[in-house]
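Please read them with the coordinates open.

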Amino acid sequence: MASRETSVGQLSLDGGEVRIDVADFIESSSVAHDEVSVKISLAIIERFSEGLYSSSNKAFEELVSNSYDAGAGRVWVYMPGDLVPEDSTIIVVDDGTSMDFEGLQQLWDIGRSKKRSGQSFKGRQPIGKFGIGKLATYVLAEQLSYIVCREGEYRAVTMDYRHVRGEMSDPQSLRLVVADLSEDEAKQSLTAAFRSMYTGKHSLAIEELFGGSSGRPSSWTAAVMTSLKERAHEIQQGRLKWVLSTALPLNPGFQLFYNDQEIVASKASGATLWQYTVGKSEGELAKDRAIGSADIVYQDGVKVPAYQLPLAGKVWGSAKLFKESLQKGKSTSRARSHGFFVRVRGRLINLDDASFTVGPELHHGTFTRFHMELNADDLDHLVASPRESLQESPELRELREYMLAVFNRARTVLSSADESDAIPYITKQGRIANPPPGLTQGPLRRMLNKVTAGDDDVRETMGIRPAELDRANDIASNGEDLLEHVLIEPFGEESKLVRYDPIRKAAVLNQEHPFINNYIDEKGVTEPLKLMALTELLTQAYMLDEDISSTVVARVMMRRDAFLRDLVKRHPRSALVVANQLRDASNSEKDLEDAVADALTLLGYAVQRIGGTGGTDGIATARLGWRDKDRSDSYSLTYDAKSSGREAQKALNPEEHFSEALFGQVKAPRIQAGTARTSILRVHREQAQEKYRLAIAPEYTLLVAPGFQGDGASASLIAATCRNDGITPITVDDLARLVELFPLRRVTPMSLRGLYSCRTPDESRHFIDAIEKSEPPKAPPVAQIIDLLVEYSGRRQPVTIQSLITGIYERSQGEVEPLEDELSAIVRGLAALAPNSIYYDGSFVALNASPESLYREWWASVDSYPSDLSESYRLIVPSAIRKIVNECE
């Protein structure tokens, strides 16, 4: 097929098919040609190309990615200085694995790709996924031609996008001519494609592909774009070269040329802490590692320093230690930039083995900043097939020992740099005069640099807020001290334990975190908690500095956070135990605070313990969700406990106190209205949402005390102040009764809402009396719940209330479908009666023991109740279990 006058041969066939011949610059003398059938629509091309590659630079980057995925070691990009003339051409050539006829057929299967089917080239994990990379060319040109070489066979094929029609559901049928070429014709065709760029000389790519050297590639692909679009005319070639440099790894196994000039990876220009030249810098190594002698080699006629090792022979090269990790940016998806790169006779033999098995002690924080290129031609006799490894030998072990010595020197340099960047919170306050390397700002500084470079994952891991980014950028760029304070402040019970505040240069410990809140009031713990905050923050920085992914770091810290929260949870106790704890705590303010919090938790509230002076004892939230689109039934309340200890005793009625002491009467002490301080409790409630950053503003306040002066008299002062300030007073004994009743009467936060309308202790007592006298609910489906928990225990997903509802519904064949609130109350009651045998945290349910153990614990609790309260629940326990328990008694 000779060169033709027309820009492309195109013929309409029967059935609407279009036959597209090869482009006019293709030279082929073959008469018979194969064809590939393609079904594709213009709508698909436009959707997958212009939608994904909104800029010409991005389209070029995608073409480079395609070359990488094909295992290319070299990529050549060619572009004339002026892209406007009609004969302007853009060419991308690579020496990766090319396509045979079948590959050219599959090339146009849009949306499908072999790249993720396990196939890889030279061990690389492909970047592309959907087989749409070639459509990047549609952004730039109307016509795309491929000239390919594989296993000594040369072919060419052309796609002309101007002949593609159809919607996504109505693709165009095309037949693309595949021309067979000789080697000379392939060279002539590619040379003709360069006509707008080269006059009287060959490009470097043509010299490499068709040169006489034995090193010429056996497989290559050239993508030639002609009839360029206006989008291509707008290319700013200076910016394009910069974009390509940022996409290029600092890796000698992958080279990119732009108009025959090599593009240097932008990482190569990164700031360095240290540089090492083989054959010149050995004086920096430990004396026992300087086992060779200085020497020289000649490279392209230039004298280069080298080092003669006793066994491994002559080696030469260099190493660098960068300030920032080389494992960042989009180039990391193409190839590694860190670690060791070993060449033998110009061949990179450890493309994917960054460590070269030098040793297990390669400190990762240093390793990801370390880059060493080493030539060891004298080891050519040890190269193993397929020339991508070296045989184990004394020579190889010696080479590794030398490389390890160079790496250890880099590690020492980094440690020294970090030592001079000590944490001011540690040094300025005299805690440690000479802090060890672990207590430096280096890792934190590097993490801050990642944040300011736009890494949102690291920002979220460190807890830096978006509004703080400008200040973070300032202190990172100015080299200021980063950590001068450790503060303790509330920022949400569900929030993380500690975060970094760049504005105040502080580690901020979350006062509302359950672990901190549990210990903050203890004498002498503030300083240890601050040091814990510092440790927590730096631990995150250390992990990130080791280039552990921010996702993994977040997951590890989340598990640690859950562990800390679990540590401060009380040992599971039954309703009866919690009720007794309330009664026993009447004489201790702190114990009563804890007992009230435990009681509210058992009743189904999410409790935030606060305590201390100047605020409420805690906040209890009932998260009930939305019952319709306009209303949520969730609510919260503040609570305060007044004990009969020293604080309350001061306010007891003097005559009553004297009478009790004189006659030895045991009476619940009664606090006065002045001790209750209901107006202050109201202020605490009104300020709680803003002060503690609550999602739900408290509507109610619960005041718990052993007794109230004037209890039973509606006109008492305590009644008046509670009405005025919206306070619900309740005695310790009445709250204990409520706790005892709740598992047998299925008391829930929803049903308790009416309690908080009570304004006298007597009204609260009557509310609880009504619960006690109410008709007992039907026996709960405990057996079904336990059977389902046993059945679901083998599943990987946790069991929820919704899971149990579904199970009960299916087992009853649709006849029984309990309400979520109802079943949640049953399960919560079950856990209150058998806390050691069943786990329920408001979300997930699980068995902690065998069903038999659960029934035994259940029976022991139920048997402690009067029969009129617990009869229906007693019947749940299997008779065999009851018999065993009774016999043991």
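1. Strand S31 and strand S33 (residues 844–847) are joined by 2 bridges and run antiparallel. Within this pair, Thr-800 has Phe-844 of S33 as its bridge partner. Strands here, like helices, are DSSP runs numbered from the N terminus (H or I over at least four residues for helices, E over at least two for strands). Strands count as paired if DSSP finds at least two bridges between them.

2. On provenance: this is a predicted model, in which local features need pLDDT of at least 70 and side-chain atom pairs count only at pLDDT 80 or more, while totals for chains, interfaces and linings use all residues. Residues are numbered from 1 along each chain as its sequence is written, and side-chain values use heavy atoms, with hydrogens and water left out.

3. The pair in point 1 belongs to an open sheet of 3 strands, in the order S31-S33-S32 and with antiparallel pairing. Strand S31 (799–800) and strand S32 (838–840) are at the edges with a single partner strand each, so one side of each has no neighbour in the sheet. Helix H27 (residues 782–792) lies across S31, S32 and S33 and runs at about 90° to S33. Axes are lines fitted to C-alpha atoms, for helices over the stretch in contact, and angles run from 0 to 180 degrees between N-to-C directions.

4. A further open sheet of 3 strands has the order S21-S23-S22, and its pairing is mixed. Its edges are strand S21 (485–489) and strand S22 (498–501), each with a single partner strand, so one side of each is left without a neighbour in the sheet. From one strand to the next the twist averages 30°. S22 and strand S23 (residues 506–510) run antiparallel and are joined by 4 bridges, with Ala-507 in S23 as the bridge partner of Tyr-500. Helix H16 (residues 526–545) packs on this sheet and touches S21, S22 and S23, its direction making about 75° with that of S22. Contact means heavy atoms within 4.5 Å.

5. How is strand S16 placed, enclosed or open? Of the 6 residues of S16 (residues 339–344), 5 are buried, so the strand is largely enclosed by the rest of the structure. Buried means under 20% relative accessible area, exposed over 50%, and partly exposed in between (1.4 Å probe, protein chains only). S16 runs parallel to strand S18 (residues 370–375), with 5 bridges between them, and Phe-340 stands opposite Met-372 in S18.

6. S16 is also joined to strand S17 (residues 347–348), by 2 bridges and antiparallel; here Arg-343 stands opposite Leu-348. The hairpin of S16 and S17 has 2 residues between the strands, and Arg-345 takes a positive phi near 55°.

7. The largest nonpolar core has 69 residues, of which Leu-582, Tyr-605 and Leu-804 touch the most other members. Helix H25 (residues 732–745) supplies the largest share of this core, 8 residues. Beyond its neighbours within four places in sequence, Leu-582 has contacts that include Leu-592, Val-596, Val-732, Leu-735 and Val-739. Another core, of 51 residues, lies apart and includes Val-18, Val-38, Leu-174 and Ala-223. A nonpolar core is a set of buried Ala, Val, Leu, Ile, Met, Phe, Trp, Tyr and Cys residues joined through side-chain atoms within 4.5 Å.

8. Ser-477 is in helix H14 (residues 469–478) and is exposed, with a relative accessible area of 55%. Its C-alpha atom is separated by 9.7 Å from that of Leu-448, 29 residues apart along the chain.
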